[in-house]
Amino acid sequence: MADTMQFDLVSPERMLASYQASEIRIPGVEGDMTAMPGHMPVITTLRPGVLHVEGSEGTQEFVVSGGFAEISATATSVLAEQAIPRAEVTRDFIDELRREAEAAHEAAEPHEKDATAKALSDLAQLAEDMV
């Protein structure tokens, strides 16, 4: 089994990362998970949170607002709705994510309210973690 896997992080604006990684900790909607070389294939939905990547350049962290992760034995690709390196996160960025989530919650159909309320809760926790 290989020691690393290909890691790619893409948002609609740009490709944020593409390199070899030994471990990727993913904030999944159904719970956090860790992708490592040899992982069984899976696709998961992301919740707002911090993506931690262990690679040859050390640990890198990215804040994601949601999206999807596709994991295989040799690669993990993250397609984020919005993503930014943690070091570049500002209060304005978090506040904008929260405003968008609040608007989505207000416009949500009754059967979507639980999911949008969970997203608001995840953003509140993310804001607290960023302080």
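Helices (H or I, at least four residues) and strands (E, at least two) are DSSP runs, numbered from the N terminus. With that in hand, let's look at the pockets of this structure.

This is a predicted model, in which local features need pLDDT of at least 70 and side-chain atom pairs count only at pLDDT 80 or more, while totals for chains, interfaces and linings use all residues. Residues are numbered from 1 along each chain as its sequence is written, and side-chain values use heavy atoms, with hydrogens and water left out.

A pocket is an open set of points on a 1 Å grid over the protein atoms alone, where a 1.4 Å probe fits and protein lies on both sides within 12 Å along at least five of seven lines; its lining residues have an atom within 4 Å of a point.

Helix 2 gives the most, with six residues.

Now find the second largest pocket, with a volume of about 190 Å³. Among its 16 lining residues, P27, D32, R47, G49 and V50 lie nearest the centre. Which element supplies the largest share of this lining? Helix 2 does, with four residues.

Methods: Grid points are joined across faces, edges and corners, and a volume is the space filled by probe spheres set on the points.
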